[in-house]
Amino acid sequence: FPPAPAVSEAAATPATLAGGAAFALRARVADAGGGVGDVLADLSRIAGPALARMHDDGLPAHGDAAAGDGVYGLMATVPLRSPGGELPLIVTAYSAGNATAAADTALVEVSAAVEVIVHADDPAGDDHGPNQPAEEKKYYTYPTNSAFVPGAFDLTSLDVYETVAVVGGQPVEMIAFRVGIVDFPNPSDPGRANWNPQNANINIQKIDILIDSGPGGATSGLPDRNADFQPWDAWDYAVVIDGWYKGVIPSLGLNTAQSWRQNARRDDASITILSDWNDDTITALVSKEALGNPTPDKIRNWDICVLMAGHDTGYPTEE
């Protein structure tokens with residue numbers, strides 16, 4: 001068997017976390033002569049996925065600072081149901097061909113969960129994807145991959161809370177929007193769609209969160225969604241969650257796609273997208289500043305609309 005890579009310096013930033021908080025996990029991986037295959041993190045002790053892929057691609061959204069430097073990273077959130085205490089996060093690096101492996105452990109201290117400012121439940125079974133309601137088993141397929149699974153477009157919950165994310169080594173005050181769906185499949189499972197997008201493993205689905213925070217706002221929906229707000233319930237901010245695109249958009253009362261593109265903020269300090277197929281959740285971390293620095297009381301008075309659609313169809317579901 002080829003020698004396993006050497007794994008060292010596994011550490012989480014920050015090392016002290018609250019349930020719901022965002023963190024970056026990094027570890028140094030050195031080729032011992034057998035090549036480097038998959039590098040995976042086991043987050044199960046904090047109620048996260050047991051096999052979360054780490055990256056050395058230089059993308060801050062993946063928790064990595066520089067491509068090809070041998071330091072692998074991932075960005076994740078502590079699930080709200082996570083137990084407290086000092087808990088291990090295990091990073092395992094495999095040789096090329098995944099024949100042998102070595103591991104290192106980072107310890108994190110998890111305290112009580114953050115205060116959830118807004119929580120909404122949505123009944124299971126009332127939303128559907130591109131299939132029609134009487135044809136639930138007709139899911140689109142591609143030549144080699146199943147694109148949709150039953151329940152993939154069924155919204156179940158929304159949690160909004162405050163947290164802090166470390167972006168580029170700097171703490172950023174964030175508002176977290178945690179969206180639950182019935183079945184968010186592991187994209188690495190055989191037969192499942194996996195395009196390895198940059199912003200979370202959300203493959204061909206997209207989610208929009210439209211926020212009415214006060215008077216004014218846009219009354220037209222985002223392009224290709226087949227869903228518009230009513231004039232009396234206009235949106236001031238749009239949070240776009242997509243495998244290929246992310247953005248937080250202040251409408252500034254304008255109703256043109258050109259103005260939304262010009263005003264959109266897409267950097268990681270403004271919006272970071274995270275996914276957890278183990279928890280069936282997708283989370284957008286949006287800087288408080290990009291949303292007008294709202295207080296919790298103001299957030300409780302927001303009207304929030306959650307829309308989910310497929311890239312091929314544009315059929316929305318909403319909560």
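These legends describe close-up views of a predicted model.

**View 1. The open sheet built from five strands.**
β9 and β15 (271–276) stand at the edges. Each of these two has a single partner strand, so one side of each is left without a neighbour in the sheet. On average, neighbouring strands of this sheet are turned by 20 degrees against each other, direction ignored.

**View 2. Gly 125 in the loop between β9 and β10.**
β9 covers residues 116–121, and β10 covers residues 155–167. Gly 125 lies in the loop between these strands. Gly 125 is exposed. Its relative accessible area is 64%, and the term exposed applies because this value is over 50%. Leu 155 is 30 residues away from Gly 125 along the chain. The C-alpha atoms of Gly 125 and Leu 155 are separated by 8.7 Å.

**View 3. The pairing of β15 with β16.**
Strand β16 spans residues 281–287. Six bridges join β16 to β15. The two strands pair in the antiparallel sense. Within this pair, Ile 273 stands opposite Ala 284 in β16.

**View 4. Asp 279 in the loop between β15 and β16.**
Asp 279 sits in the loop between β15 and β16. Is Asp 279 buried or exposed? Asp 279 counts as buried, because its relative accessibility is 15% and the cut-off is under 20%. Leaving aside residues up to four places away in sequence, Asp 279 touches Pro 79, Arg 81 and Arg 178.

**View 5. The hairpin of β13 and β14.**
Strand β13 runs through residues 237–242. Five bridges join β13 to β14. The two strands run antiparallel. Three residues lie between them in the hairpin. Ile 241 stands opposite Lys 246 in β14.

**View 6. The covered faces of β14.**
β14 comprises residues 246–250. Five of its five residues are buried. Which residues lie on each side of β14? Lys 246, Val 248 and Pro 250 are on one side. Gly 247 and Ile 249 are on the other. Both faces are covered. Lys 246, which stands opposite Ile 241, is among the buried residues of β14.

Definitions and conventions:
Residues are numbered from 1 along each chain as its sequence is written. This is a predicted model: local features need pLDDT of at least 70, side-chain atom pairs count only at pLDDT 80 or more; totals for chains, interfaces and linings use all residues. Side-chain values use heavy atoms; hydrogens and water are left out. Helices (H or I, at least four residues) and strands (E, at least two) are DSSP runs, numbered from the N terminus. Buried means under 20% relative accessible area, exposed over 50%, partly exposed in between (1.4 Å probe, protein chains only). Two strands pair if DSSP finds at least two bridges between them. Axes are lines fitted to C-alpha atoms, for helices over the stretch in contact, and angles run from 0 to 180 degrees between N-to-C directions. Contact means heavy atoms within 4.5 Å.
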